[in-house]
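Here's a quick tour for anyone meeting this structure for the first time. Have a look at it, then read on about its aromatic rings and one of its helix pairs.

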Amino acid sequence: MNDNTALTQLLSIMKTLRDPKSGCPWDLKQDFKSIVPHTLEEAYEVADCIESGNLGELKGELGDLLFQIVFYAQLAQEQNLFDFNDVIEQLNTKLTRRHPHVFGDKKELTDEQLSRQWQVIKAQERSARAQTKSPSFWQDIPANMPSLSKAKKIQQRVASLGFDWPTYHGALDKVSEEVLEVKEAIEQDPLSDHTAEELGDLLFATVNVVRHVKRDPEQLLRSANDKFSARFEKVNAYLHVQGKSLDTATFEEMDRAWDAIKKL
């Protein structure tokens with residue numbers, strides 16, 4: 001089966017699932033909003049496959065994610081908004097516009113030049129979309145984007161205007177400054193709104209350091225979560241060998257086990 005035939009069959013299957021007379025009851029109940037949680041879940045499953053090295057399952061997970069896009073396109077077609085071909089055509093246009101060094105003048109650019117070109121193109125796109133009475137500078141940053149990713153997006157946006165530390169040193173110094181402010185706030189009242197605000201500032205400043213060293217904060221925190229979880233599982237096993245359990249072990253016993261696992 002060639003690519004076009006497979007895609008045509010996929011779109012046909014989706015249309016059948018949404019057929020009012022013979023379609024699937026679950027699929028018929030769905031709308032744009034109800035599918036969003038499934039889309040996010042499928043995207044995370046794709047990321048998990050890649051980050052865990054489980055590439056054998058990646059094809060299936062990518063298919064599940066593609067199905068989400070096909071579902072949205074079918075809903076849009078039913079409401080005479082657009083169809084799947086419109087999605088592809090707009091994507092083709094966007095990719096061509098955003099890569100003039102490939103599809104236009106064909107010149108080699110450094111990473112820094114590519115980044116500057118990208119920000120200029122994105123700014124042009126925002127300007128073209130700003131047709132509302134009071135357009136927001138952040139209008140194309142989703143409100144419900146995960147907060148770490150949103151912080152990175154905001155920082156990239158202002159950095160494109162020149163509001164940025166020249167190196168990671170300034171960003172790292174800002175983290176040290178925020179740590180002191182958090183300490184001072186907690187000493188005054190650990191449960192106050194001011195303490196919560198200072199903790200938020202510390203998180204935001206930490207994301208800025210991550211951005212400066214060209215890493216993704218969401219990915220790093222996922223890795224840190226996995227690392228902690230795996231190590232704590234070993235703490236559990238370590239205590240079990242000693243005839244103890246997490247339910248009965250003291251903090252000191254768990255801490256000693258933690259240190260022992262770290263040394264191993």
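How many aromatic pairs does the count come to? The model is a predicted one, and the count comes to four aromatic pairs.

Let's start with F32 and Y72. Their ring planes sit at 5° to each other, with the centres 6.2 Å apart, so this pair is stacked. It links distant parts of the chain: F32 belongs to helix α3 (residues 32-51) and Y72 to helix α4 (residues 58-78), 40 residues apart.

Then there's F67 with F71, an edge-to-face pair. Both of these residues lie in helix α4, four residues apart, or about one turn of the helix.

| Pair | Centre distance | Plane angle | Type |
|---|---|---|---|
| F32 and Y72 | 6.2 Å | 5° | stacked |
| F67 and F71 | 5.7 Å | 70° | edge-to-face |

Buried or partly exposed? F32 counts as partly exposed, at 27% relative accessibility, while Y72 is buried at 19%. Elsewhere, ring pairs join F228, F232 and W258 into a cluster.

Now for the helices. The axes of α9 (residues 168-188) and α10 (residues 193-212) come within 9 Å and cross at roughly 165°. That angle is over 145°, and the two helices are therefore roughly antiparallel. Their crossing is left-handed. Residues making the contact include Y168, L172 and V175 of α9, along with L199, L202 and V209 of α10. By type, the contact residues split into twelve nonpolar, five polar and five charged.

Conventions
Residues numbered from 1 in each chain as written. Predicted model: local features only at pLDDT ≥ 70, side-chain atom pairs only at ≥ 80, totals over all residues. Heavy atoms only, no water. Axes fitted to C-alpha atoms, helices over the stretch in contact; angles between N-to-C directions. Parallel < 35°, antiparallel > 145°, perpendicular 65-115°, else oblique. Left-handed = near helix turned anticlockwise from the far one by under 90°. Contact = heavy atoms within 4.5 Å. Nonpolar A, V, L, I, M, F, W, Y, C, P; charged D, E, K, R; others polar. Phe/Tyr/Trp six-rings, centres within 6.5 Å; stacked < 30°, edge-to-face > 60°. Buried < 20%, exposed > 50% of the residue type's maximum accessible area, 1.4 Å probe, protein only.
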